[in-house]
Amino acid sequence: MSVFEFFAPGSFGMSMVAIVAMGFATVLMRTSGFWLMAHVTMTPRIRRMLEALPGSIVVAMVLPIVVKGGPVAVLSVAVAASLMAWRGNQILAVAAGVVAAALARALF
Amino acid sequence: MVLPAMPVMALFAFAFGTFAVQKGLDLAVATLMSAIMFAGASQFVATEAWGNSQSLAGILTLVMFTAMVNLRFLLMSASMRPWLGSLHPWQSYPALAVLTEPGWLLGLRYRASGGADAAIVLGGGIAFWVIWIIGTQAGYFFGMFFSDPKRFGIDLVMPLFFIVVLVPLWRGPRRATPWAVAGIVALLAAEFIPGQWYIMAGAVAGCVTGGFIDERV
């Protein structure tokens, strides 16, 4: 197989190029924030901003998905969140959320 | 510390595997995606748009989607600076290369409870990576036999996982104000801005809000 055949449209080679390119973009994101912060002085304000970041990222990712997912998604998330608050067990909480969604879909 | 998150991570990878079958990806492509990208949300998006992968322009589109969805890693790695900043770059950057949400959130919690061993970020990241690949393949085989994973609620694993890691971060309503702002901005952005910008828009809005909420209670 020649190089040209390997990278022809629809080929495995082309898929590889796509995946490696996406992987590169991902690693760049993973490292550049850390690198950038080396050049920013840590003030109390910036510290508070960084503290607010984790929860903000999570909420921004999840809320639109849940709203789009409708009542089943809301129910499932509510079950998981309350169980997590009550027992503090991640596996239990996610499993219960999944079961709740499966049940709701089976019943309605 | 990393162990409790393993099954959840495996389930998330499993969900990706079943999704990849549905969208007609090869097992090799799905596996390589998990091995090289190692970023669930962006893998879902790339799989959804995989039809683009066979031309250079299409690949550029995929890379842009990936960068958009994974922009949050930029913020996450920024928040690792106070912890990993004192290490030699040869130690900090490999750890960052395997940074994921569970690794990051668990790492922050570990540090908040007094832990300081940064090797846990790298070690945990590598362990997650292995689980991630195995889980993808398991999900792929499952998806070949069951055509409707939605019936089992597997499509909700990703949001459920994130909600569950959010709960222990709760420090009362005042400290959650940035979250509310992040949620509202993300919803609006998801509605009105095309593409995947809503994560970044919400996260930045929450982050800035956090900067303006001062320490007095």
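In this predicted model, helix H1 of chain B, residues 6–22, packs against helix H3 of chain B, residues 40–48, with an angle of about 5° between them and their axes 10 Å apart. Angles under 35 degrees count as roughly parallel, and H1(B) and H3(B) are therefore described as roughly parallel to each other. On the side of H1(B), the contact is made by B:Phe12, B:Phe16, B:Phe19 and B:Ala20, while H3(B) contributes B:Gly40, B:Gln43, B:Phe44 and B:Thr47. Sorted by class, this contact of H1(B) with H3(B) holds five nonpolar and three polar residues, with no charged residues.

The spacing of such contact residues can be read against the geometry of the helix itself. An α-helix has 3.6 residues a turn, so residues three or four places apart point the same way.

A second pair within chain B involves helix H5, residues 71–78, which packs with H12(B) at an angle of about 30°, the axes being 9 Å apart. That angle makes H5(B) roughly parallel to H12(B). Here B:Leu71, B:Arg72 and B:Leu75 of H5(B) meet B:Ile199, B:Met200, B:Ala203 and B:Cys207 of H12(B), and by class the contact of H5(B) with H12(B) has six nonpolar residues, one charged residue and no polar ones.

Taken along the principal axes, the C-alpha atoms of chain B fill a box of roughly 55 × 40 × 35 Å.

Chain A also consists of helices without strands, with four helices and zero strands, which follow one another along the sequence in the pattern α-α-α-α. Its radius of gyration is 22 Å, whereas a compact globule of 108 residues would have one near 13 Å. The box filled by the C-alpha atoms of chain A, again along the principal axes, is roughly 60 × 50 × 25 Å.

Within chain A, helix H3 spans residues 44–87 and has 44 residues, yet its end C-alpha atoms are only 34 Å apart, short of the 64 Å that a straight helix would reach at 1.5 Å a residue. Where does the kink of about 130° lie in H3(A)? The kink is at A:Gly70, shortly before the proline A:Pro71. Just after H3(A), another glycine, A:Gly88, takes a positive phi of about 70°.

The contact of H4(A) with H1(B) has five nonpolar residues and one polar residue, and no charged residues.

Taken over the two chains, 79 residues of chain B are in contact with 63 residues of chain A. On the side of chain B that touches chain A, the largest share, 10 residues, comes from helix H12 of chain B, residues 198–212. The residues on that side of chain B divide into 59 nonpolar, 17 polar and three charged.

Methods
Residues are numbered from 1 along each chain as its sequence is written. Chains are lettered from A and ligands numbered from 1 in the order in which they are written. This is a predicted model: local features need pLDDT of at least 70, side-chain atom pairs count only at pLDDT 80 or more; totals for chains, interfaces and linings use all residues. Axes are lines fitted to C-alpha atoms, for helices over the stretch in contact, and angles run from 0 to 180 degrees between N-to-C directions. Helices (H or I, at least four residues) and strands (E, at least two) are DSSP runs, numbered from the N terminus. Angles under 35 degrees count as roughly parallel, over 145 as roughly antiparallel, 65 to 115 as roughly perpendicular and the rest as oblique. Two residues are in contact if their C-beta atoms, placed from the backbone, lie within 7 Å. Ala, Val, Leu, Ile, Met, Phe, Trp, Tyr, Cys and Pro count as nonpolar, Asp, Glu, Lys and Arg as charged, and the others, Gly among them, as polar. The expected span of a helix is 1.5 Å times one less than its number of residues. The bend at a residue is the angle between axes fitted to the seven residues ending there and the seven starting there. The radius of gyration is taken over C-alpha atoms; the globule rule is 2.2 Å times the number of residues to the power 0.38.
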